[in-house]
Amino acid sequence: TVAALIIIWTAIVLTHMKFREKKAAEGTVASLKFKSLWYPFSNYICLAFMAALVVVMYQIPDMDLAVYFIPITIICMYIIFKLSHQKG
């Protein structure tokens, strides 16, 4: 469960950063109704926290297996996404 939460929150943070980059490129950042507090530093703090959680999880004997499954899960999700979005 913790590994899934780390994957989800990391995806949220990275998506938010890409969203803000796109809005900045379009010049429409000022039109956003909700301003993220301390952007982009808050995103980097969150990513650092997620990395710290992975390190702590690796130190706990029964949770180190979950750390090994994080990249496997991400790769599987990527493959499933690519297969489900094939043209033709």
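A helix here is a DSSP run of H or I with at least four residues, numbered from the N terminus. The views below all come from a predicted model.

**View 1. Helix H1 against helix H2.**
Helix H1 covers residues 2-26 and helix H2 covers residues 41-59. Their axes come within 10 Å and cross at roughly 160°. Angles over 145 degrees count as roughly antiparallel, and H1 and H2 are therefore roughly antiparallel to each other. H1 passes H2 in a left-handed crossing.

**View 2. Residues between H1 and H2.**
On the H1 side, the residues that meet H2 are Val2, Ala3, Ile6, Trp9, Thr10, Val13, Leu14, His16 and Met17. On the H2 side they are Asn43, Tyr44, Cys46, Leu47, Met50, Leu53, Val54 and Met57. Sorted by class, this contact of H1 with H2 holds 14 nonpolar residues, three polar ones and no charged ones.

Is isoleucine 6 buried or exposed? Its relative accessibility is 5%, so isoleucine 6 counts as buried; the cut-off for buried is under 20%. Leaving out residues up to four places away in sequence, isoleucine 6 touches Met50, Leu53, Val54 and Met57. Isoleucine 6 and phenylalanine 49 are 43 residues apart along the chain, and their C-alpha atoms are separated by 9.5 Å.

**View 3. Helix H2 against helix H3.**
The axes of H2 and H3 come within 6 Å and cross at roughly 135°. That angle makes H2 oblique to H3. H2 contributes Val54, Met57 and Tyr58 to the contact, and H3 contributes Asp64, Ala66, Val67, Tyr68 and Ile70. By class, the contact of H2 with H3 has seven nonpolar residues, no polar ones and one charged one.

**View 4. The largest nonpolar core.**
In soluble globular proteins, nonpolar side chains tend to be buried together. Which residues form the largest nonpolar core in this model? There are seven: Ala3, Ile6, Ile7, Met50, Met57, Val67 and Ile70. H1, H2 and helix H3 (64-84) each supply at least two residues of this core. H1 gives the most, with three residues.

**View 5. Isoleucine 70 and its contacts.**
Isoleucine 70 is one of the residues of the largest nonpolar core. Apart from neighbours within four places in sequence, isoleucine 70 is in contact with Ala3, Ile7 and Val54. Ala3 and Ile7 are also listed in that core.

Definitions and conventions. Residues numbered from 1 in each chain as written. Predicted model: local features only at pLDDT ≥ 70, side-chain atom pairs only at ≥ 80, totals over all residues. Heavy atoms only, no water. Axes fitted to C-alpha atoms, helices over the stretch in contact; angles between N-to-C directions. Parallel < 35°, antiparallel > 145°, perpendicular 65-115°, else oblique. Left-handed = near helix turned anticlockwise from the far one by under 90°. Contact = heavy atoms within 4.5 Å. Nonpolar A, V, L, I, M, F, W, Y, C, P; charged D, E, K, R; others polar. Core = buried A, V, L, I, M, F, W, Y, C linked by side-chain atoms within 4.5 Å. Buried < 20%, exposed > 50% of the residue type's maximum accessible area, 1.4 Å probe, protein only.
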